[in-house]
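Hello,

Here is the structure I promised to pass on. Please open it first, then read the notes below.

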Amino acid sequence: MLELRDLALAFAGRRVLDGLSLQVAAGETVALLGPSGEGKSSLLAVIAGLLRPQRGQVWLGGRDISRLPPEQRQLAMMFQDHALFPHLDAAANVAFGLQERGVPRAAARQRAEAALAAVGLAGRGAAACHQLSGGEQQRVALARALIGEPALFLLDEPFSSLDTHLKQQLIDDLRQRLSAMAVPTLLVTHDRHEAFALADRVAILQHGRLIQVGTPGEVLARPASAWVARFVGFDNVAADHAIPPAAFRLGDGQPLRTVKLVEPRVEGCRVVVAGDGGDWVLSLSARELATQPYPQRGGHLAVGVDRAALLRW
Amino acid sequence: MQKVLPLSDFRWLALPPLLFLLLLVGLPLSRLLYEGGLAFSPALLSDAYLQWRLGWSLLQAAATCVLTLLLGLPLAWVLAHFEFRGRALLLRVLMLPFVMPTLVAGLGVLALFGPHGVSGLNLQDTPWLLLYGNLFYNLPLLIRAAVDGFDHVPASRLMVARTLGASRWRAFWRVEWPVVRPWLASALCLIFLYCFSGFGLALLLGGQRYATVEVEIYSLVAYELNLADAGALALLMLLLGAVIALLYALIERRLARPDKRSPPLRQPVQGWPQRLLLLACLLLLALFAAAPLLAVLLRALLADAAAWRVLLQDDTLLALGNTLRFSLLALLLATALGLLHGLAAQRSAGLRALMFLPFMVSPVCVAFGLLLAYPAYSATLALLVAAYALLAYPFVAKAVVSARDALPAALPNAARTLGASPWRVFWRVSLPLMRPALRRGMAFAAATAVGEFAVSLFLSRPEWLTLTTLIYQHLGRPGAANLEAALVLSSVLLLLALLAFMAIEWPEKTHARTS
């Protein structure tokens, strides 16, 4: 289990981490979600031992590792741009950590080739890193991280440099791998889709503090503040409540409201109507559109809100 | 990932180089300033003769800066924006003057524009001889810096500017100029410093009227034994040099950021106007960067067969052996010092500035100071080699620093999380990635040692004759035969510098290693 106790870190007077505590169980994946520049990467660097916090402790498996240098923490980390060593080929990159931990070169190389095969890169061991595609580089980095059987797995925006299609595929792949591992995993991302797709729990970071921790379902059902509600993707957020998509009622019996804007989407469309006390943004699916005339700008749409389904904080 | 603070500070590595600097620069210069300062009087500065010396030193450095900028910026613009066969090679060859010993360049200028020069134009006793020599060294430096700057403007940014209605000139002015400006500023600082504290060229090309303060200090010490005036002048040189070096370090620090750039867009040369433009640029470049060297080789080849026999004389063999021996020893010492200082200077502006101390203080002042501070060691090999290493090691240190700046922080961090200790990270990640830069730095250091002239002149003993001092001896003797012998020996020196240059610019094998 990973346990962070009251971590604090400041750069030149600017607070990056402000008394942050969090527990991640073995086998659990926690996504640390927050806007760019809110200290997410710094937190990972602190856990890895690459940055020293001004205050607080990091415990792993019942042991205080706060004073250990990075190389003795038995953790694996994946970086945003993969951080492959450009002077080494793919297999040598994967074997790097094994050699550092005393495995003879030939044996390390052999295990590296096997690890590459396990991520679908059989026979590519001799390839130079710059010859690999973005997705292949990511898989080399993954093999390199996991080959040493780490006690903790840290992922720093590992998908941000990949295109959307590839990203989804690799996220699915990674989820399967994580569930097979019995180590705590901490994923840092600013992309809520990534977080909700991979994590058992989501921790939302704002101004160096965790303002909400819970399963994706809990966070979506009970956002802790207007800021969280907006950040996790709700379109209709007021000062004290949010209207989740499921609270809208369409069709007969609902008041007619003026349509102010219609934007086509891949599936259906996005509509802005004049609601009670402000504009409402609705996403209409193709199925919903099939039951009524296609909304027109300046036209009307019958829509109401089930007040019992509102999310309040 | 955000910039990660260091866990361990490597500044303590600077201790050996700092001690070295203290012994080789600090103490000798204090001694020199003390001896000179005792007798310093403001009256010295009102002396018309010295006023002219100082004024001319500043003027020729400033004039060189203006000339390199006026000539170099358009040339760099063309080299950065057009693609043509041999472009990459040309940019590499531009580094060649940098490793040329000043004696070779000086002789080259004389062989071209001296009495009975190849060009037929005698510019002796005019300021142009020295300015031309300065341009030989510094025009390529400015062009390289400016091309680097232009290459840092992403092609997309230029395309946006052009599609938004900017003409070529407006795009240069509004998009490229702001990016290139700090690159130029840093290069101009170096150029000013080199010219201001230059010795070899001014000694050979300045003549009576257009010699610089450095030459004046040398003559005061060597011929007039006037230590007071020499010390006072050294003090002035030191202060002015320090200001410029500090400026340079500040600008360089702003430039230090990891390289992440899209390949710039270059257009092929099309049509006669562009071809003529390119041809004009290449001719201009050849006139300033290649002509003196070709003149040396030409004059040496046309020399009497008797002149070539100088190569077999005992003196020459002794000098060649000494040059190689001293250079090798100096290179070893310079590499160790450069690595230590370069690694330590990573996060310290002060240490970065100190790295340029040996460039900043003139070799003449250092050699003179060493003589004063360590009279008992004045004729020892240790002192000579240490002085060589002093002048050579900033090249290694600078290479190490810029290689470390270009190294993404994620790589060492990743290695740490994979179980490597700081020392292992250095050995397995940082050092292999720095090796090309280190090799270049070492080649520059070697070239510096091979072509060293000023310190050798001060500290050498007859049996320690080096190629440079031998050439200077031949030049000092009357007669065409001696001039020809000097030219032949200079050709040898030129070839040695060429060797160093090949070591610097030989392309590194790019395939990744297995471990």
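**Charges over rings**

The charged end of B:Arg428 lies over the ring of A:Phe96, 4.1 Å from the ring's centre. Bear in mind that this is a predicted model. Chain A has a case of its own: the charged end of A:Arg5 sits over the ring of A:Trp59, at 4.2 Å from its centre.

**A strand in chain A**

Next, look at strand E17 of chain A, residues 300-305. Of its 6 residues, 5 are buried, so the rest of the structure largely encloses this strand. Which strands pair with E17(A)? One is strand E13 of chain A, residues 248-250. E13(A) and E17(A) run antiparallel and are joined by 3 bridges. In that pairing, A:Phe248 has A:Val305 as its bridge partner. Another is strand E14 of chain A, residues 256-264. E14(A) also pairs with E17(A) in the antiparallel sense, over 3 bridges. Here A:Leu256 stands opposite A:Ala302.

Now go to helix H8 of chain B, residues 168-196. It has 29 residues, and a straight helix of that length would span 42 Å at 1.5 Å a residue. H8(B) spans only 36 Å between its end C-alpha atoms. Where does H8(B) kink? The kink lies at B:Trp177, shortly before the proline B:Pro178, and is about 55°. B:Trp177 also belongs to an aromatic cluster, together with B:Phe150, B:Trp169, B:Phe172 and B:Trp173.

**Aromatic pairs**

Over all chains there are 28 aromatic pairs. Take B:Phe113 and B:Tyr132: their ring centres are 5.1 Å apart and their planes stand at 85°, so this pair is edge-to-face. The two residues come from distant parts of the chain, 19 residues apart. B:Phe113 is in helix H5 of chain B (residues 102-113), and B:Tyr132 is in helix H6 of chain B (residues 128-151). Are these residues buried or exposed? B:Phe113 has 13% relative accessibility, and the cut-off for buried is under 20%, so B:Phe113 counts as buried. B:Tyr132, at 8%, counts as buried too.

**What the record says**

An unreviewed UniProt entry annotates residues 54-248 and 320-504 of chain B as "domain: ABC transmembrane type-1". Over residues 320-504, chain B is 82% helix and 0% strand. The end C-alpha atoms of that stretch are 22 Å apart.

Best wishes

Conventions
Residues numbered from 1 in each chain as written. Chains lettered and ligands numbered in written order. Predicted model: local features only at pLDDT ≥ 70, side-chain atom pairs only at ≥ 80, totals over all residues. Heavy atoms only, no water. Buried < 20%, exposed > 50% of the residue type's maximum accessible area, 1.4 Å probe, protein only. Helix = DSSP H or I, 4+ residues; strand = E, 2+ residues; numbered from the N terminus. Pairing = 2+ DSSP bridges. Expected span 1.5 Å × (residues − 1). Bend = angle between axes of the 7 residues up to and from the residue. Phe/Tyr/Trp six-rings, centres within 6.5 Å; stacked < 30°, edge-to-face > 60°. Lys NZ or Arg CZ within 6 Å of the ring centre and 35° of its normal. UniProt positions renumbered as here; feature names shortened; annotations may be inferred.
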